[in-house]
Amino acid sequence: GHLWIGSRNGDLQKYLPEKDGFRRFTAGPQSEDSGPLKINALSEDSQGQLWLGTLNNGLYRFQYEAGSFSIWRMHRPGDAAMSGTTINHILEIAENELLLCTPDGLEIFNTDKQVFTRFIHQPDQAQSLGKGACLSAYKDSEDNLWIATATGLNLFRPREGTFDIID
């Protein structure tokens with residue numbers, strides 16, 4: 001495996017044990033008002049692609065061999081874009097599917113079809129995501145998805161799109 005380190009000052013670094021040092025990568029220019037890329041989350045998928053969740057700059061995919069970045073930001077009608085720009089956690093839940101924890105809830109990103117599906121707290125629906133920011137997620141050995149929000153723990157069944165709030 002590889003050791004990747006992302007920072008809040010825009011650095012993405014890969015540890016090179018044979019050199020006992022690091023190689024630094026920079027994701028192209030940001031918008032003028034956003035400042036340096038602030039990396040909140042890193043996840044390498046089963047296909048070896050590195051995904052970066054950022055503070056206010058969306059989702060990045062880094063393709064190491066090509067040295068290139070792809071970016072998904074705010075939703076625009078008709079675009080394959082996520083609903084927000086901050087990502088707290090990234091978890092691969094199936095081949096070509098990433099679960100993204102955001103301050104507004106969570107998104108499932110189909111990387112093959114380039115489509116985002118959004119899940120938020122809906123007070124009038126008993127089986128919706130609990131309220132508060134989605135902070136992290138865990139997939140257990142039985143493929144259950146556990147979602148931590150600012151107000152508690154949720155069990156998520158993505159195929160049905162339903163949640164159980166765990167008291």
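In this predicted model, Thr162 has a relative accessibility of 16% and therefore counts as buried, since the cut-off for a buried residue lies at under 20% relative accessible area. Thr162 is placed in strand 15, and Arg157 stands opposite Thr162. When residues up to four places away in sequence are left out of the count, Thr162 touches Gln127, Leu155, Phe156 and Arg157, so that the residue standing opposite Thr162, namely Arg157, is also one of the residues that Thr162 touches, as the cut-off for a contact is heavy atoms within 4.5 Å.

The pairing around Thr162 can be described at the level of strands. Strands of a sheet pair through backbone hydrogen bonds, in either a parallel or an antiparallel manner. Strand 14, which covers residues 152-157, is joined to strand 15 by five bridges, and these two strands run antiparallel. Both belong to an open sheet of four strands in the order 12-13-14-15, in which the pairing is antiparallel. The edges of this sheet are formed by strand 12 (134-139) and strand 15 (162-166), each of which pairs on one side only. From one strand to the next, the twist averages 25 degrees.

For the protein as a whole, the secondary structure comprises 15 strands and zero helices. The protein has 167 residues, of which 41% count as buried, and Thr162 is one of the residues in the buried class. Among contacts between residues at least 6 apart in sequence, 38% join residues that are at least 24 apart. The protein exposes about 9200 Å², and 48% of this area is supplied by carbon and sulfur atoms.

Note on methods:
Residues numbered from 1 in each chain as written. Predicted model: local features only at pLDDT ≥ 70, side-chain atom pairs only at ≥ 80, totals over all residues. Heavy atoms only, no water. Pairing = 2+ DSSP bridges. Axes fitted to C-alpha atoms, helices over the stretch in contact; angles between N-to-C directions. Buried < 20%, exposed > 50% of the residue type's maximum accessible area, 1.4 Å probe, protein only. Areas by Shrake-Rupley, 256 points an atom, 1.4 Å probe, with all protein chains shown as cover.
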